[in-house]
Protein chains: 2
Amino acid sequence: MSPWKAAQPGDPLSRVDTPALVLDLDAFERNLQRMADAVRGSKVRLRAHAKSHKCPEIARRQLALGATGICCQKVSEAAVFVDAGVEDILITNQVVGDAKLVRLMALAKRARMGVLVDHPAQLHALASAARAAQAALDVYVEVDVGSGRCGVPPGLAAIRLAELAADSSPLRFAGLHCYHGRAQHLRTPAERAAAITYAVVAAAETRAAIEARGIPVPIVTGAGTGTFMHERDSGVFNEIQAGSYIFMDRDYADNQRSSRDIVFEHALFVRSTVMSRPSALRAVVDAGLKASSVDSGMPGIWQRPELRYLKAADEHGLIGSEQGAAPALGETLMLIPGHCDPTVNLYDELVCYRGETVEAVWPIAARGALL
Amino acid sequence: MSPWKAAQPGDPLSRVDTPALVLDLDAFERNLQRMADAVRGSKVRLRAHAKSHKCPEIARRQLALGATGICCQKVSEAAVFVDAGVEDILITNQVVGDAKLVRLMALAKRARMGVLVDHPAQLHALASAARAAQAALDVYVEVDVGSGRCGVPPGLAAIRLAELAADSSPLRFAGLHCYHGRAQHLRTPAERAAAITYAVVAAAETRAAIEARGIPVPIVTGAGTGTFMHERDSGVFNEIQAGSYIFMDRDYADNQRSSRDIVFEHALFVRSTVMSRPSALRAVVDAGLKASSVDSGMPGIWQRPELRYLKAADEHGLIGSEQGAAPALGETLMLIPGHCDPTVNLYDELVCYRGETVEAVWPIAARGALL
């Protein structure tokens, strides 16, 4: 990692070295509050997804505002949060392999842990590892409600796996995981609503069929920043897993623009500096592929509608100017990452500022926790 | 980062936890040797680009086989290599900002350092910082030889900047940086050859014009893994900066397939495990966007031509099977990253194996060194 830091608390924002991942604390805190308000009074609880931030300081704030726990995506990611004192974590993934199962069970003796299953072989391996470790664990049957990724189909296959889970002590069958990942990024509100309507019907019918066999289904969990209002109001889901709402990336904001949903603000930016300015049409910033993930497209540029981030190389970002007035050498631009999760995963620290002053530097402690 | 390691020396390859970045040492060493052979006996020296590997253990091996030094892309990246004992580093980038210049000059007192300029303001700032620190530094004028990114145009602008550099003691005008980045990834050998023919002419004419003014141009540097044979044989370039040849990613290999150039082998892989296998047509591996950068397309799959990596989410990779026989739950796949540089930058360690046994685990010490 870098042998020096981009900033220290107390530094003016203008002196933050670049590229740096920076968080506007005022916008971030408003986003936190908006989500807490959005679930308050409903029968739905928030289990905030920590894969977006990988940062214990942020998880603490989500829990303090009422989140029931967090989601993680990997066992090693969860371990970082257990070490930081988080007591209730759902790994929204299948966990396969003996080494991972041993580590998962060690975590399950220190915190309430849950995982997903979509095949009997995973259940057998989990139950065996749990017995060997004398640990208990929540398991959720993952139902494919439209993403075409992991999960068993709604209906019969889900019922059979739930029956098996309910019969796999010391595992606890905790419910259904019905996350429609693809729906989060559909462009129009109507497309997102239609996708979640299908997911809700599939979840409801599957839950009813399992309960008809005498097996309680305590939790139906899923949803993300793009669709959570629909799951919240469905009467079927009782837990939502949104994560990106705290930061808002360019892709989510593009969708938000066309909707009447709850509006979250951009709070996360990659601060960058113009290091070359070959012509009035073109400038090059010091933030490229290794500073902002481009899997969901190029970054936006904050409050500079006349500029476009055209192309990213490893450490170069090509900026074009519609009006032939590219920014000057040394000028700073605040980039809005195309996709916040993999961008955060590029940085060891988050530089948090309020107004024009750096207030804190938070470790992104689970960065690179892939195992 | 992950609280535990993917592997230890002595582990069988089959027990490496996943996803992990793994290096086939035999293939890697053959690649190192092929490049050393390719420049031996020519008047061209290799300054291997360390942005591809960010790993001092690899830089040491490149230097031991005759590389004159290394390239880095960032001041903080260079600092990691100076700390590791590398004595000659060219930062193939403009360096802008007071904090960076102070740190650059501190490095220049410990190692031979070079940087690029493409504007008089950069030269003034560098000269001033060098004087304040009583440091000396090589500067190269970056000439845009076809990439349309940084650099002054060939000819007059380059001549003026070289004159200014030659007159900016304690800076040393070291030559011309004529890297054609875009040409590295052109699909056909004929396209790459044509692009480099232009770069060679532009470099030759600019060098001749500067020397006609009595200013020596000791070095003309550039080239990458995709084109270095052309620069090597040009009679104009006397330094090449290839980096990816040690690993070879899917994108470079796709181009190599259509050429009669020197052939490098895939040595770098992301080892992944099937964690879900929803149907005979489809499996999901534990390596997604955060395990393999997709900026140059999806990963390839090593020695499994019947499989395709179809889609990447944060921590999921969707594998499709042409023949309806998706890999089994728990099976491991070796992914070939689409683009090696940003993929390496996702990992803290490189698991090095020979045959079926892990031989070493090398820190990717400059991972995340963005400043």
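Visitor: Are α4(B) and α5(B) parallel, perpendicular or oblique to each other?
Guide: This is a predicted model. In it, helix α4 (residues 98–108) of chain B packs on helix α5 (residues 120–133) of chain B at an angle of about 55 degrees. Angles of 65 to 115 count as roughly perpendicular and those under 35 degrees as roughly parallel, the rest between them as oblique. The relation of α4(B) to α5(B) is therefore oblique.

Visitor: How far apart are the axes of α4(B) and α5(B)?
Guide: Two packed helices are described by the angle between their axes and the distance between the axes. In the pair α4(B) and α5(B), the crossing is right-handed. Their axes are separated by 9 Å.

Visitor: Which class of residue makes up the contact of α4(B) with α5(B)?
Guide: From α4(B) come Leu101(B), Val102(B), Met105(B) and Ala106(B). They meet Ala125(B), Leu126(B), Ala129(B), Ala130(B) and Ala133(B) in α5(B). With no polar and no charged residues, the contact has nine that are nonpolar.

Visitor: In what order do the eight strands of the chain B barrel close?
Guide: Strands of a sheet pair through backbone hydrogen bonds, either parallel or antiparallel. In this barrel of chain B the pairing is parallel. The order is β2-β3-β4-β5-β6-β7-β8-β9.

Visitor: Which residue in β4(B) stands opposite Ile70(B)?
Guide: Strand β3 (residues 69–72) of chain B runs parallel to strand β4 (residues 88–91) of chain B. Three bridges join β3 and β4 of chain B. Opposite Ile70(B) stands Ile89(B).

Visitor: At what angle does helix α6 of chain B run to β6(B)?
Guide: Helix α6 (residues 156–166) of chain B lies across β5 (112–117), β6 (137–142) and β7 (171–177) of chain B. Its angle to β6(B) is about 170 degrees.

Visitor: Which element supplies the largest share of the side of chain A that touches chain B?
Guide: In all, 58 residues of chain A are in contact with 58 residues of chain B. On chain A, α3 (75–83), α4 (98–108), β10 (268–279) and α10 (340–344) each supply at least two residues. The largest share, five residues, is from β10(A).

How values were computed:
Residues numbered from 1 in each chain as written. Chains lettered and ligands numbered in written order. Predicted model: local features only at pLDDT ≥ 70, side-chain atom pairs only at ≥ 80, totals over all residues. Contact = placed C-beta atoms within 7 Å. Helix = DSSP H or I, 4+ residues; strand = E, 2+ residues; numbered from the N terminus. Pairing = 2+ DSSP bridges. Axes fitted to C-alpha atoms, helices over the stretch in contact; angles between N-to-C directions. Parallel < 35°, antiparallel > 145°, perpendicular 65-115°, else oblique. Left-handed = near helix turned anticlockwise from the far one by under 90°. Nonpolar A, V, L, I, M, F, W, Y, C, P; charged D, E, K, R; others polar.
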